[in-house]
Amino acid sequence: MIHLAMENYWDKAISFEEYVHIAKQRLENPSNQQETEYKQYYELGLQRMDRTLKKYVPDEDQLKELTSKNFEGKILIISEAWCGDASATVPALVKFFEGKNQVKIFLRDNDKSLIAQFLTNGTESIPKVIILNDDFSIKNSWGPRPKYGKELLMKYKNDPEAYSKDSFYNDLQIYYAKNRGKDAIQEIIELL
């Protein structure tokens, strides 16, 4: 039964191009209160995705490792374009798997039933990458951020007085800009 459910989610998911188009629509013509309140985050997310798309080059060693895995399945990403972690990771993942494995994006805020099955410490954190076998059975999942990003988050949570939220966000975005998805991709390859 769960395979059928995952196939239904896959069918409702969208391409990366549609994902970017929807983000631009929500930025230019917000249709609800949340989209209005998140306007600056959509703008930042689109800028970050654009930067990643321009600068990202797949790592040859990672491509070889992907090929050696003989993974025939699909990659389903639960995401939203306003999310800082997603805007740094999703475009790199899409470009990395391009021409190798199908990648689709499921908008978390349109239907929370999928993210409810993949909570991170009880939260709906995104992006969440679901690795699906060819028959839509779940092989594994990853997210919402690479190990180093999790370490930065724990540093902030353990001592917000010494390491402020602003410092955490700043350090995380600097890491993402320099790393260009490489760590996230490596962690996902290891789950294949």
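Residues are numbered from 1 along each chain as its sequence is written, and side-chain values use heavy atoms, with hydrogens and water left out. Because the model is predicted, local features need pLDDT of at least 70 and side-chain atom pairs count only at pLDDT 80 or more, whereas totals for chains, interfaces and linings use all residues.

**Aromatic rings and charges**

A pair of aromatic rings is described by the distance of the centres and the angle of the planes. Rings of Phe, Tyr and Trp (its six-membered ring) pair if their centres lie within 6.5 Å; planes under 30 degrees apart count as stacked, over 60 as edge-to-face and the rest as tilted. The structure holds ten aromatic pairs. One of them joins Tyr38 and Trp82 in an edge-to-face arrangement, with 4.8 Å centre to centre and 90° between the planes. This pair links distant parts of the chain, 44 residues apart: Tyr38 belongs to the loop between α3 (33-37) and α4 (39-55), and Trp82 to the loop between β1 (74-79) and α6 (84-97). Helices (H or I, at least four residues) and strands (E, at least two) are DSSP runs, numbered from the N terminus. Tyr38 is partly exposed at 24% relative accessible area, while Trp82 is buried at 15%. Here buried means under 20% relative accessible area, exposed over 50%, and partly exposed in between (1.4 Å probe, protein chains only). Ring pairs also bring Tyr41 into a cluster with Tyr38 and Trp82.

| Lysine | Ring | Distance from ring centre |
|---|---|---|
| Lys74 | Trp10 | 5.8 Å |
| Lys155 | Tyr163 | 4.2 Å |

**The largest pocket**

The largest pocket contains about 870 Å³ of space. On a 1 Å grid over the protein atoms alone, a pocket is an open set of points where a 1.4 Å probe fits, with protein on both sides within 12 Å along at least five of seven lines; lining residues have an atom within 4 Å of a point. Grid points are joined across faces, edges and corners, and the volume is the space filled by probe spheres set on the points. Of its 26 lining residues, Asp85, Ser125, Arg145, Phe168 and Tyr169 are the closest to the centre. At least two lining residues come from each of α4, α6, α7 (147-158) and α8 (165-179). By class, the lining has twelve nonpolar, six polar and eight charged residues; Ala, Val, Leu, Ile, Met, Phe, Trp, Tyr, Cys and Pro count as nonpolar, Asp, Glu, Lys and Arg as charged, and the others, Gly among them, as polar.

**Backbone geometry**

Most residues other than glycine have a negative phi, and most peptide bonds are trans. The peptide bond from Ile126 to Pro127 is cis, with omega near 0°, and Pro127 lies in the loop between β2 and β3 (128-132). The bond from Gly143 to Pro144 is also cis, with omega near 10°; Pro144 is in the loop between β4 (138-142) and α7.

Asn70 has a positive phi near 50°. This residue occupies the loop between α5 (60-69) and β1 and is exposed, at 58% relative accessibility. Phe136 has a positive phi of about 70° in the loop between β3 and β4, but Phe136 is buried at 9%.

Notes: Lys NZ or Arg CZ within 6 Å of the ring centre and 35° of its normal.
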